[in-house]
Amino acid sequence: MNMNFFLAAAEADASGTLPFYLIGLWILILASFTGLEIISKVPPTLHTPLMSGANAISGITLVGALYCVFSDVGVSAQVLGFCAIVLATVNVVGGFMVTDRMLAMFGTKKKGGK
Amino acid sequence: MFTPTLAALDLSLIEQLVYMASAFYFVAGLKKLTKVKTARAGNRMASIAMLTAVLMTVYLVAVKGEVHASGMDAIRASLPWMIGGLVVGGGIGVFLAKKVEMTEMPELVAFFNGMGGASSLFVALATVVAFGSGAVPIGPDETLSVFKGADISISIGLSILIGSVTLTGSLIAYAKLSGKMWKNRFGPVGSQGLNILLAVLAIGCVVYGGFIATGGMSMTVFLALTAIALFLGVGLVVPIGGADMPVVISLLNSYSGIAAAMTGFILHNNLLIVAGMLVGAAGLILTQIMCKAMNRSLAAVLFAKFGEEDGGKDDSDYVGVTSTSAEELAPLLEAAEKVIIVPGYGLAVAQAQHKCRELGDLLGKEGIDVSYGIHPVAGRMPGHMNVLLAEADVDYDKLYDLDQINGEFKNADVVIVIGANDVCNPEAYDNPQSPIAGMPVLDVWDAQTVIVIKRSLSAGYAGIKNPLFERDNCLMFFGDAKKALEDMVTEFKDL
């Protein structure tokens, strides 16, 4: 950590900005801890919906896929990018809808119970 | 000049704020997903965050032309690809989400997860092809892999590696869960030796492709890495027994998040890193929760061959099994004061959750105290049974988890085990040699009478014998769970 810090400072000095991968690593570490803390207490009822919802969020790679269909990089890259968009969208749309379907059942049950 | 790597850094303040809001909503949504009351709102929040992120990105790439400056015509030409991809993918997603039965949920999550992994893989490959085709000048004579670009090429390597393992691993998990594949080996695939070899080769490719390979070479290395990692994913999941699939899916879910985060390093996009690592960490915690529930370490799950050797046990191994019928059971239930229902995967397969509720309600009307004992890994995923019983409108307050219910069995007159096996196997306590030794199980045998509804005496997911069935206080009611419960309801009404 310390070394990265000095490295970052040195590179920042040279180029005027922090290199992205160092900013990214900071973000990565903090986001990881956020994820760990958020999940600590979950009732078993929600394990499946939570897994499904988190899975849909991991479809965020869709944002990356959208960067990959720029038109001047050759057809093969574009086709790969297109496939990436399709697959990620399946994950995102399907994931959120299925999660909602599961959670909706808890909802109706509550109304019925009270 | 084409500079995809600076995409997210060149955003205006407002554009940054939109991405930031999206990241915030992901975190808040995930947090809300952990509470029953707010879970649905949380899921909506996360999906709005995703929609925001996608619309912003489409605007940035296809309208504003953020990622490159080769003329607005070229930029606009990418729009149909985006819209097309979103429409096709969205259509498939909607179709699958609407069509699939609640009981098949675990498989579906595994499948979706594989798609996410595949997407990260393709993003990384598209970047490699784009760089490799020479259409993307990083600088004169500069190649991707000069040490200066190592952060990107390492990220590409990791994204390919993790994405590929997620893809094939999830597909194998999908096949195992949907009962399409039971094999624990295909020739040498799945053996530990080969896995270690593949893993070493894969890491070698990441390092070589990251620091050493240049230009066209790096493309070759990354393609080799893809092939190796795809095999590795198969090899890692194939030997794992079906009973451990929930843990595997949760772990692969975590992987797909990490793969997405790695694409964030390639494209220099903070949002990808935040959302990806959130899922990466969340999946890891869920995995741990599940391992704890089974009293197994993650290493034991991943490397032990669970339930492979004992799979051959069949009916003939059982002696002194008492079978019963609905007519016999009705008076038994009527005389009971406290009944505990223990559902398992058989309930899901037979779609018997509604019949189960009906029987529960019927008993409840007679003044019988009915509760449900849910083992954390009953079914194919943690919480699988909760979801099914919720679908059938069973009251939450009647569902108890392992720790809450285990002391209650000794007070119960009747326990009805519906299509569950391994989660109430006394071997876990009695036989230290058993593959499930030490796993906490439901102590159903403490009850006066245990009724087990099961299609046959065949082994459960762990592939081992269950001596519970031979006990004196255990009655076997053979048949499909739905049919059996239906018969019990009819007989009970006729009393």
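Modeller: First, a term: strands (E, at least two residues) and helices (H or I, at least four residues) are DSSP runs, numbered from the N terminus. Two strands pair if DSSP finds at least two bridges between them. This is a predicted model, where local features need pLDDT of at least 70, side-chain atom pairs count only at pLDDT 80 or more, and totals for chains, interfaces and linings use all residues. Residues are numbered from 1 along each chain as its sequence is written, while chains are lettered from A and ligands numbered from 1 in the order in which they are written.

Colleague: Thanks! What's the strand order in the open sheet of chain B?
Modeller: The order is 1-7-6-5-2-3-4, seven strands with parallel pairing. Strand 1 (322–323) and strand 4 (399–401) of chain B are at the edges with a single partner strand each, so one side of each has no neighbour in the sheet.

Colleague: How many bridges pair strand 1 of chain B with strand 7?
Modeller: Two, in the parallel sense, and strand 7 of chain B covers residues 474–478. B:Thr322 stands opposite B:Leu475, and B:Ser323 is opposite B:Met476.

Colleague: And which strand does strand 7 of chain B join over five bridges?
Modeller: That is strand 6 (residues 449–454) of chain B, also running parallel to strand 7. There, B:Lys454 faces B:Phe478.

Colleague: Why is strand 7 of chain B described as largely enclosed?
Modeller: Because four of its five residues are buried. A residue is buried if 20 or more other C-beta atoms, placed from the backbone, lie within 10 Å of its own; 12 or fewer is exposed, and in between is partly exposed.

Colleague: New topic: how do helix 5 and helix 8 of chain B pack?
Modeller: Helix 5 (residues 150–177) and helix 8 (residues 245–267) of chain B pack at about 155°, with axes 8 Å apart. Axes are lines fitted to C-alpha atoms over the stretch in contact, and angles run from 0 to 180 degrees between N-to-C directions. That makes the two helices of chain B roughly antiparallel (over 145 degrees).

Colleague: How many residues of chain A are in contact with chain B?
Modeller: 81 residues of chain A are in contact with 102 residues of chain B, contact being C-beta atoms, placed from the backbone, within 7 Å. Helix 5 of chain A gives the largest share of chain A's side, 34 residues.

Colleague: Is A:Ile38 buried or exposed?
Modeller: A:Ile38 is buried, with 21 C-beta neighbours inside 10 Å. A:Ile38 sits in helix 2 (residues 20–39) of chain A. Leaving aside neighbours within four places in sequence, A:Ile38 is in contact with B:Leu30, B:Lys31, B:Thr34 and B:Ala282.

Methods:
Parallel < 35°, antiparallel > 145°, perpendicular 65-115°, else oblique. Contact = placed C-beta atoms within 7 Å.
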